[in-house]
Amino acid sequence: MLKIYGHPASICTRKVMMTAAETKVPYELALVDFMKGDHKAPAHLARQPFGRMPAIDDDGFAMFESRAIARYLADKAGGSLVPSDARAKAKMEQWISVETSEYNGHAMKFIYQHVFQRPQEAAVLDAARAALEVTLGVMETQLKETTYLAGAEFSLADICFMPCTEYLMGTPAKEILAAYPHVMGWWNRVRERPTWRATTGKG
Ligand SMILES: N[C@@H](CCC(=O)N[C@@H](CS)C(=O)NCC(=O)O)C(=O)O
């Protein structure tokens with residue numbers, strides 16, 4: 001059985017758990033307790049040499065990096081969550097890159113500040129807000145046109161944006177998102193998926 005080494009509250013672990021849930025791949029979550037520093041212990045470094053989570057072991061096949069794992073699981077499930085049309089697939093990849101380079105880092109500043117008790121300087125939060133507004137504006141333009149980020153179908157691109165968005169919506173940064181009605185419409189659609197409710201322990 002697929003073993004996911006991570007933590008149920010971890011953003012990157014949730015990307016993989018959600019992909020497994022959507023592709024109906026049964027898995028066992030092997031807890032890596034970051035409060036105890038398990039992610040920096042030799043046993044975990046052997047699975048994830050950067051000392052982060054998640055990592056997987058799929059019947060002897062080991063790998064790390066959440067987005068790469070998500071692509072592997074979707075591929076193994078016969079391509080669900082990945083559009084078959086080349087152009088829609090390219091758009092999915094575009095949005096995964098946007099999430100990696102233009103969303104995650106800025107969102108994390110608010111999440112550190114309000115969720116993980118790692119205070120950020122005001123100037124850092126101001127810069128993160130400005131950058132997040134640019135990205136949300138770009139998402140808004142896309143989501144005005146399409147139901148999901150890569151087009152008409154829910155895909156890995158949506159999954160990659162979900163964990164940070166879930167946390168942001170629990171912080172004062174939710175008023176930043178509230179200014180983007182199509183982003184909010186998308187969020188309200190995807191967060192109600194039973195797979196997401198199960199992934200975040202609300203199922
Ligand atoms: N690029 C990696 C990033 C993994 C990552 O930063 N994971 C976080 C939890 S969401 C972590 O392990 N943080 C602990 C640390 O960096 O020490 C991935 O996508 O898997």
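Where does Pro54 have its place? I found Pro54 in the loop between H2 and S3. I then checked its peptide bond: the one from Met53 to Pro54 is cis, with omega near 10°.

**Ground rules**

I am working on a predicted model, where local features need pLDDT of at least 70 and side-chain atom pairs count only at pLDDT 80 or more, while totals for chains, interfaces and linings use all residues. Residues are numbered from 1 along each chain as its sequence is written, and side-chain values use heavy atoms, with hydrogens and water left out.

**Entry: the fold**

I listed the secondary structure and got 9 helices and 4 strands. Helices (H or I, at least four residues) and strands (E, at least two) are DSSP runs, numbered from the N terminus. I wrote the order down from the N terminus: β-α-β-α-β-β-α-α-α-α-α-α-α.

**Entry: size and surface**

I looked up the radius of gyration, taken over C-alpha atoms. The protein has 17 Å, which agrees with the value near 17 Å for a compact globule of 203 residues. The globule rule I used is 2.2 Å times the number of residues to the power 0.38. The C-alpha trace spans about 45 × 45 × 30 Å along the principal axes.

I took contact to mean heavy atoms within 4.5 Å. Among contacts with a separation of 6 or more, 66% join residues 24 or more positions apart.

I noted that 46% of the 203 residues count as buried. My cut-offs: buried is under 20% relative accessible area, exposed is over 50%, and partly exposed is in between (1.4 Å probe, protein chains only). The protein exposes about 9,900 Å², and carbon and sulfur atoms supply 55% of that area. These areas come from the Shrake-Rupley method with a 1.4 Å probe; for residues, only the protein chains shown count as cover.

I counted 24 positive and 23 negative side chains. Lys and Arg are the positive ones, Asp and Glu the negative ones; His and the chain ends are not counted. The centres of the two sets lie 2 Å apart. Each charge is placed at NZ of Lys, CZ of Arg, CG of Asp or CD of Glu.

**Entry: helix H3**

Which residues of H3 are buried? In this helix (residues 66-76) I found Ser66, Arg67, Ile69, Ala70, Leu73 and Ala74. They fall within an arc of 160° seen down the axis of H3, so they line one face of the helix. The arc is that of the directions from the helix axis to the C-beta atoms. An α-helix has 3.6 residues a turn, so residues three or four places apart point the same way.

I asked what covers the buried residues of H3. The cover includes strands S1 (2-6), S3 (55-58) and S4 (61-64), along with helices H1 (11-22), H4 (86-114) and H6 (156-168). The face turned away from the buried side carries the exposed residues Asp75 and Lys76. Gly78 follows H3, and its phi is positive, near 90°.

**Entry: His39**

Buried or exposed? His39 counts as buried, at 17% relative accessibility. I located His39 in the loop between strand S2 (27-31) and helix H2 (42-45). Leaving aside neighbours within four places in sequence, I found His39 in contact with Val32, Phe34, His44, Leu45, Gly51, Arg52 and Met53.

**Entry: positive phi outside glycine**

I logged Lys24 with phi near 60°, positive in a residue other than glycine. Lys24 is in the loop between H1 and S2 and counts as exposed at 71% relative accessibility.

I logged Gln117 too: its phi is positive, about 50°, and it is not a glycine. Gln117 lies in the loop between H4 and H5 and counts as exposed at 62%.

I placed Pro119 in the loop between H4 and H5. Pro119 counts as exposed, at 70% relative accessibility. Pro119 and Lys109 are 10 residues apart in sequence and 8.7 Å apart, C-alpha to C-alpha.

I found Lys144 in helix H5 (residues 122-145), exposed at 53% relative accessibility. Lys144 and Val16 are 128 residues apart along the chain, and their C-alpha atoms are separated by 27 Å.

I finished with Lys202, in the segment after helix H9 (194-199). Lys202 is partly exposed, with a relative accessible area of 42%. Beyond its neighbours within four places in sequence, Lys202 is in contact with Glu166 and Arg197.
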